[in-house]
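Reader: Please show me the model. I would like to ask about the terms used for it.

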Amino acid sequence: MEGKTNEELFLEYKETGDQRIKQELVLRYIYIVKNIAVQMKGVYASFAQMDDIINESVIVLMNSIEKFAPNMNVKFETYISKRLRGLIIDMARKQDWIPRNVRKNARMIDDATNELFNRLGRFPTDEEMAEYLGVSLEKYQSKLLSKTNLYNLISLDAVFDGQGGQAGVQNIADDGDTPEQLLENKEMEEILKQGIGTLRPNEQMVLSLHYRKELNMKEIASVMNLSESRISQIHTNALRKLRIYMQANLK
């Protein structure tokens with residue numbers, strides 16, 4: 001098996017079912033499991049240990065090797081990355097652990113966003129949100145907004161799931177041309193594209209780097225020359241705005 005490409009091993013495994021080849025493929029792709037476990041630690045840190053996530057993810061990796069067909073016109077790296085992110089988001093949704101005060105703050109921010117959007121005809125800036133809520137910009141970003149990240153992530157995923165999407169926040173920046181598409185119909189795909197188009201350039205950049213380039217918040221901070229906490233705030237804002245946009249337009 002040494003010297004063969006991953007693609008060649010997949011073809012050979014599909015032909016022979018040799019478990020030694022499967023084990024070799026698991027070893028070659030285990031790095032993706034570890035990378036995503038690190039990238040999404042903020043999603044599961046409150047209810048699971050990284051070792052538990054990795055163990056669950058290895059099972060998904062093994063099952064995905066069985067299901068993946070080399071003629072699917074998509075790289076296995078992309079295919080498994082989406083499935084692993086979906087696993088973690090599903091686990092978070094099932095926990096339903098989000099504290100009441102976080103939900104309350106999220107609803108308050110949503111109400112303020114909707115009110116200002118109606119006034120301004122666009123999504124408000126952080127400065128405008130802080131002024132409307134009567135708090136400092138620092139408090140709005142670090143005390144209110146940053147704590148609603150998981151709420152927005154899970155809520156947006158629920159919007160897609162409820163509309164027949166393939167549980168797909170992990171595919172949020174996908175180009176929609178793979179067999180495992182986020183959207184099952186062109187209308188939803190177009191609404192998602194329009195929603196992303198309403199975001200500020202830095203928000204679009206963070207989503208692209210995180211979901212398409214698979215960079216974690218620390219890596220994105222380095223690329224964009226911002227603090228990691230600021231990147232997290234931008235990510236939270238982007239998810240919240242997309243959720244509000246999708247909820248308003250998927251009726």
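Author: What follows is a set of questions on terms, with answers.

Author: This is a predicted model, where local features need pLDDT of at least 70, side-chain atom pairs count only at pLDDT 80 or more, and totals for chains, interfaces and linings use all residues. Residues are numbered from 1 along each chain as its sequence is written, and side-chain values use heavy atoms, with hydrogens and water left out.

Reader: What makes Lys22 and Glu66 a salt bridge?

Author: The term needs a side-chain nitrogen of Lys or Arg within 4 Å of a carboxyl oxygen of Asp or Glu. Between Lys22 and Glu66 the N to O distance is 2.9 Å. The pair therefore qualifies. The whole structure has nine salt bridges. Lys22 lies in helix α2 (residues 19-39) and Glu66 in helix α4 (residues 50-67), so the bridge ties together parts 44 residues apart in sequence. Helices here are DSSP runs (H or I, at least four residues), numbered from the N terminus.

Reader: Why is Lys22 called buried, and why is Glu66 called partly exposed?

Author: Buried means under 20% relative accessible area, exposed over 50%, and partly exposed in between (1.4 Å probe, protein chains only). Lys22 has 9%, so it counts as buried. Glu66 has 38%, so Glu66 counts as partly exposed.

Reader: How do you know that Arg122 and Glu128 form a salt bridge?

Author: Their side chains meet at 2.8 Å, N to O.

Reader: What separates Arg28 and Glu24 in helix α2?

Author: They are four residues apart, about one helical turn. Their side chains meet in a salt bridge at 2.9 Å, N to O.

Reader: Which residues have the most contacts inside the largest nonpolar core?

Author: Leu25, Leu61, Ile65 and Phe76, in a core of 53 residues. Such a core is a set of buried Ala, Val, Leu, Ile, Met, Phe, Trp, Tyr and Cys residues joined through side-chain atoms within 4.5 Å. Beyond its neighbours within four places in sequence, Leu61 is in contact (heavy atoms within 4.5 Å) with partners including Val26, Tyr29, Phe76 and Ile80.

Reader: Why are α8 and α13 called roughly perpendicular?

Author: The axes of α8 (residues 137-145) and α13 (residues 228-249) cross at roughly 75 degrees and come within 10 Å. Axes are lines fitted to C-alpha atoms, for helices over the stretch in contact, with angles from 0 to 180 degrees between N-to-C directions. Under 35 degrees is roughly parallel, over 145 roughly antiparallel, 65 to 115 roughly perpendicular, and the rest oblique. So α8 and α13 are roughly perpendicular.

Notes. Helices (H or I, at least four residues) and strands (E, at least two) are DSSP runs, numbered from the N terminus.
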